[in-house]
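User: I want to go through the salt bridges in this model. Take them one at a time, please.

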Amino acid sequence: MKIASISNIILALILLISAPLQAAEKSDSIAQQRAINNTQFKPKQLILPAALIAVGASSLFLAPMEELDHSLNRSFQELRGKHNRIQLDEYLRFAPLAANYVLHFSGVKSGYNTRDQLLLTATSYAAMYALTQGLKHTVNKTRPDGSDSHSFPSGHVATAFLSAEQLRMNYGTWWGVAGYTFATGTAFLRLYNNRHWFGDVIGAAGIGILSARIGYWLLPLEKKILGLNKEQANTSFFAFPSYNNLTKSYGIALALQF
């Protein structure tokens, strides 16, 4: 075999071996740049969540929006008919969150290590919980089924949209589309199950998206305060989501071990 032919074969083998490595390096680079961009506050990032919250809140004091709430509620209840409540919304809201961690622990690059991922989740959920619970106990809007006065905003929908936005910010548009599909399904079921008005789920979607972004904006400051900018082999951070079936409320327990 001629030397030129051997050289060509060796070159081809090098290219075949290096191609996946170059793709992985490019993926790492994209993930790292995305992670940096996510933590940078830009005023335009407030437009979408603020608009959704404003539209949802307008149902509290604008007659046309209140009429829309009741009209859509009647339509959903006609669609439901005599069927029982579909309990899937209790689990569907956590699907984007589960996908986020499945991707992370499967080795798909997001630009964040496990500690940062947990800190992002904990901060975002804390912000969302404070906003939703604060508004529920301030607004005191009666649910369409009359079960209590904590209708606005929907905690289930806020949870789903928070996780969907995190999935998008961590892994890009296409994974975000999947996450938002689950989040929209959760919103649909909350309306179908007669647990919320339309304004409740629209406002909650905005709160969920805003809460997710708050987690990213605060991440650099939190790491600085906690001294986590340097790699610390003896530092562990844990977050444990919880749900109280008796009070129909959820929360998150945090633990930081140095």
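User: Is Lys-223 buried or exposed?
Analyst: This is a predicted model. Buried requires a relative accessible area under 20%. Lys-223 has 16%, so Lys-223 counts as buried.

User: Which residue does Lys-223 meet in a salt bridge?
Analyst: The N to O distance is 3.2 Å. Lys-223 lies in helix 9 (residues 198-226) and the partner in helix 6, so the pair ties together parts that are 107 residues apart in sequence.

User: What is the relative accessible area of Asp-200, and which residue forms a salt bridge with Asp-200?
Analyst: The closest N and O atoms of this pair are 3.2 Å apart. Asp-200 sits in helix 9, and the partner in the loop between helix 6 and helix 7, so parts 59 residues apart in sequence are tied together. Asp-200 is buried, at 0%. The partner is Lys-141.

User: How far apart are the closest N and O atoms of Asp-69 and Lys-141?
Analyst: These two residues form a salt bridge. Asp-69 is in helix 3 (residues 63-80), and Lys-141 is in the loop between helix 6 (114-139) and helix 7 (155-171), 72 residues away. Both residues are buried. The distance is 3.3 Å.

User: Which residues are linked with Arg-85 in a network of salt bridges?
Analyst: A salt bridge pairs Lys or Arg with Asp or Glu. Besides Arg-85, the network holds Asp-89, Glu-90, Arg-93 and Arg-190.

User: How many salt bridges does the count come to?
Analyst: The cut-off is a side-chain nitrogen within 4 Å of a carboxyl oxygen. By that rule the count is twelve.

Conventions: Residues are numbered from 1 along each chain as its sequence is written. This is a predicted model: local features need pLDDT of at least 70, side-chain atom pairs count only at pLDDT 80 or more; totals for chains, interfaces and linings use all residues. Side-chain values use heavy atoms; hydrogens and water are left out. Helices (H or I, at least four residues) and strands (E, at least two) are DSSP runs, numbered from the N terminus. Buried means under 20% relative accessible area, exposed over 50%, partly exposed in between (1.4 Å probe, protein chains only).
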